[in-house]
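Welcome, and thanks for taking a look at this one. Below is a short briefing to read alongside the sequence and the coordinates, grouped by topic.

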Amino acid sequence: MARYIRHACAFCALLLAALLVNAARVQVVQSRLYDANPANRRATIARYGQPRGDILVGDEPVTGSTDTGEPLRFERSYRDGPLYAPVTGFASQTYGTTFLEHAGDGVLSGSDPMLSPLPLWNDVTGRLAPGGNVVTTLNRSAQEAAFRGLAGRKGAVAAIEPATGRILALVSSPSYDPGQLSGNGEAVSSAWERLNHDPEKPMLNRAVRQTYPPGSTFKVVTAAAALDAGVVTDLDEPTDSPDPYRLPGTTTRLTNESDGCYDASLRMAFEWSCNTVFAKLGVDVGVPGMVGMAQAFGFNDTGVRIPFGVAPSTFDPRVDRAQLALSSIGQYNTRATPLQMAMVAAAVANGGLLRSPYLVERTTRHTGETVAGSGLHPVRQVMNPSTAVRLKELMADVVREGTGTRAAIPGALVGGKTGTAQHGVGNSGVPYAWFVSWAQAENALEPQVAVAVVVEDASADRGEISGGGDAAPIARDVMRAVLAR
Amino acid sequence: MTKAGTTVAAAQAPAAVVRLPRRRGIELTLIVLAVLLSVYGYCAVGIARTGTVPPGAAGYGAGLGVLALWAHLAVRLRAPYADPLLLPIGVLLNGLGLVLIYRLDLETPNNRAAPAQLVWSTLGVALFIVVVLLLRDHRVLQRYAYVCVAAALVLLAVPILFPAVNGARIWIRVAGFSIQPGEFAKVLLAVFFAAYLAANRNALAYTGRRLWRLQFPTWRVLGPIVTIWLLSVGVLVLERDLGTSLLFFGLFVVLLYVATGRTGWILVGLSLAVLGAVAVGRLEPHVNQRIEDWLHPFATIDAGRGPNQLAQSLFSFAAGGVLGTGLGRGHSVLIGFAVKSDFILATAGEELGLAGLAAIVLLYALLVERGYRAGLALREPFGRLLAVGLASLLALQVFVIAGGVTGLIPLTGMAMPFLAQGGSSVVTNWAIVALLIQVSDSARSQYDGREAP
């Protein structure tokens, strides 16, 4: 019998050995496959099992984490949610992440390998590092001034530090509280429904994801092209331009909102925003020259990231001369984001050098040590330095005695350009009021801020006055906030 | 039982009874280690979850320690030659089970199972002590073979009168406690099989007609035991307790093989098992579903209904990897309602990893091997078959449930011995260990040094 007992014993041993072999198959060989199965909630639970890192403005977080005690434990919270929503975006357990919450997700959630103390550490321990922080370039008071200035009207503000490309303010209005989307319950999905069906589109980031016809603010680009190409050599020399101007190859006559544009000098035309002069200048420069200058400023660039993507601003290279004339005054199909127009002002203010804008100053561990700096931001010579000097002069004139006087700041040199963009079928829509500008404190070596403001539902006064009337005061408040630092 | 040569040798030199060392000190040391290891696990859960040692740690350790100590004293008193590994393994597995259930209780604060499990463990150890103290000689059981089988059949049949729970009629509910009589029945049935086969094994092996290479015994000998087996399996099929019916079948085949030494029985058994499995798998929707789940564990995910229990269990094991997430740091609670009972091993797999799982399987293997070893050392057939039967029960049960939750074989609801939540199971397993202790005591106290222990 002993022999058979041994056989039976061997059989039992075989069964238990088979268990171990199979367990090794599941736990070692197949484990990655099972871990990666989308129905496996462990990754999600781990992701929300620790507080998310914060997004900082200055030294203060504008985000937080709330412990809900639920399986998906930590939810995102926002201080001044609507104010910073175009920068932070939302971090929702249901709807994912957007903007900086999305672009910085690796650091914020703790999954970025740079956060781990040793290479591959997270892979070995199978745990996430504590969430790191994303420090923005924003200027709190500039951001607040812009938001306050828009006061709930549809529009956007973008402000840049010209010498560096740091984005100082990025506001879109009307806004929403991203905290309403943080969790995973019924309230979150109803908030999502409501926000998505709101005709005011509060979740649209108008500063970087919406393009507008730039109107007369585009004349800065046209003037730069004309000066750089030598079409205009003296700011005060008459430009030999008719009023009204017949668009080449058509019978359409282009007129002006203001008088005194006939054969005006570039200085006068810029100051009073003469459509006829700039349309003709654009045609004189020609398509290659205009397209080249617009693209040097950043138009037609589909790859701008700050670090989240920016909608491309467009200047159509396939236009006839009549279309070119209209494009040169920011009409036809020329479109720009507020950020793009802030870049235009910044390039002028910075002596013709354009610094790519960026929003993240650095990322840090939760303890505050820097993980990564802002990185290399390319710089581009947009125009001759002499052109920039003369453009600055023109823009300063606009604020001193032209259409942009409401942007003036005592004790500072301010340059600007107003714009009113008509849109809608037969220009029936309420025009968009634009203002682009830069400011330099008296004792400063170079301009410290460049701003672009667009107000969609500007007061019904058509004409240049609305750009100067509605948008310029907002730009002034933003610039003042930066200079006061 | 004995080969001719041995008989001759025994006749030439009168059996000099050599008693093996008692080794009770080793048993005590191992028990202390088992208790300490369990308390360590309990503390590890608390530290992982709250950062502090749980307040009940001392009480938990004291409770487990006192239980183990009483059991040890009973062994010292009545079974001083017993194998010193059996009791510590039981204590360690039971302690680990309590830790795992306590750990899962943290995820389900409204449905705590650890306190009840502690009560049942106490009852189990009490039964262990009673068996060790009162059952002076395991051979007494031989006399009660038919009482045992009658009791087993009654126990198996009773749940039919009670409503089904989760698709199986295997529970009876009395005063808030639910008891699974099938668990007790398996020990009684093992006693009966061992007694009957011990008495009739020569007739089974050497009488009857020979068909091809198989020696078929007469129906007079084979009839009663086949009838009993068919009855119990039939009842279990009615109750949809497929795990237990598989267990009884395996027990029957193993004991028949060991008693008669006929390989043919294994072939017959396997063919019958395959036939039965195919038939039941085709005809019974409950079983059919289990087989479908086994073949395609992620089918419910693809169908958009989310992962089923088996898929969740596989996710758990995979998440554990080699070293595990650490006690208290896994998410096996996603498995759902059976996580503390049928799927308790998934928690071990996730939080202790393949390393911990291997350790647990090796503990069972050691328990089984020690059972077999006691059987080998004995010289009378009933004790041998009883030890082999009980050890095989453990091995088969571990294989069926662990194989089920790791996707090796179709899932059948069963309790992991000592680890899983379930009073009947804990009590039964302590009874099994008590019987093995008695058998090994007999074996080791009359060791004659001729047959390998």
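In this predicted model, the side chains of A:Asp470 and A:Arg153 form a salt bridge, with an N to O distance of 3.3 Å. A:Asp470 belongs to helix H17 (residues 464–483) of chain A, while A:Arg153 sits in the loop between helix H8 (140–150) and E8 of chain A, so the pair ties together parts that are 317 residues apart in sequence. A:Asp470 is buried because its relative accessible area is 12%, under the 20% limit; A:Arg153, at 25%, counts as partly exposed.

- Over all chains, the structure holds 32 salt bridges.
- A:Arg206 and A:Glu456 also meet through their side chains in a salt bridge, at 3.0 Å, N to O.
- Since A:Arg206 lies in the loop between helix H9 (186–197) and H10 of chain A and A:Glu456 in the loop between strand E18 (449–455) and H17 of chain A, this pair ties together parts that are 250 residues apart in sequence.
- Both A:Arg206 and A:Glu456 are buried.
- Within helix H17 of chain A, A:Arg480 and A:Asp477 lie three residues apart, about one turn of the helix, and their side chains form a salt bridge (3.2 Å, N to O).
- A:Arg480 counts as partly exposed at 40% relative accessibility, and A:Asp477 counts as partly exposed at 26%.
- One network of salt bridges with shared partners joins A:Arg47, A:Arg52, A:Asp54, A:Arg76, A:Glu101 and A:Asp105.

**A five-stranded sheet**
- Chain A has an open sheet of five strands in the order E9-E8-E18-E17-E16, with antiparallel pairing.
- Its edge strands are E9 (167–173) and E16 of chain A, each of which pairs on one side only.
- Neighbouring strands in this sheet are turned by 10° against each other on average, direction ignored.
- Six antiparallel bridges link strand E8 (residues 155–160) of chain A with E9(A); A:Ala158 has A:Leu170 as its bridge partner in E9(A).

**Helix H16 and its packing**
- The 17 residues of helix H16 (residues 385–401) of chain A should span 24 Å at 1.5 Å a residue, and the end C-alpha atoms are 24 Å apart, which agrees.
- Its buried residues include A:Leu391, A:Lys392, A:Asp397 and A:Val398.
- The buried residues of H16(A) pack against helices H10 (219–229), H11 (266–272) and H15 (338–349) and strands E16 (412–421) and E17 (432–441) of chain A.

**A buried threonine**
- A:Thr363, in strand E13 (residues 360–364) of chain A, counts as buried at 12% relative accessibility.
- Leaving out residues up to four places away in sequence, A:Thr363 touches residues including A:Val107, A:Asn133 and A:Val371.

How values were computed
Residues numbered from 1 in each chain as written. Chains lettered and ligands numbered in written order. Predicted model: local features only at pLDDT ≥ 70, side-chain atom pairs only at ≥ 80, totals over all residues. Heavy atoms only, no water. Helix = DSSP H or I, 4+ residues; strand = E, 2+ residues; numbered from the N terminus. Expected span 1.5 Å × (residues − 1). Buried < 20%, exposed > 50% of the residue type's maximum accessible area, 1.4 Å probe, protein only. Contact = heavy atoms within 4.5 Å. Pairing = 2+ DSSP bridges. Axes fitted to C-alpha atoms, helices over the stretch in contact; angles between N-to-C directions. Salt bridge = Lys/Arg side-chain N within 4 Å of Asp/Glu carboxyl O.
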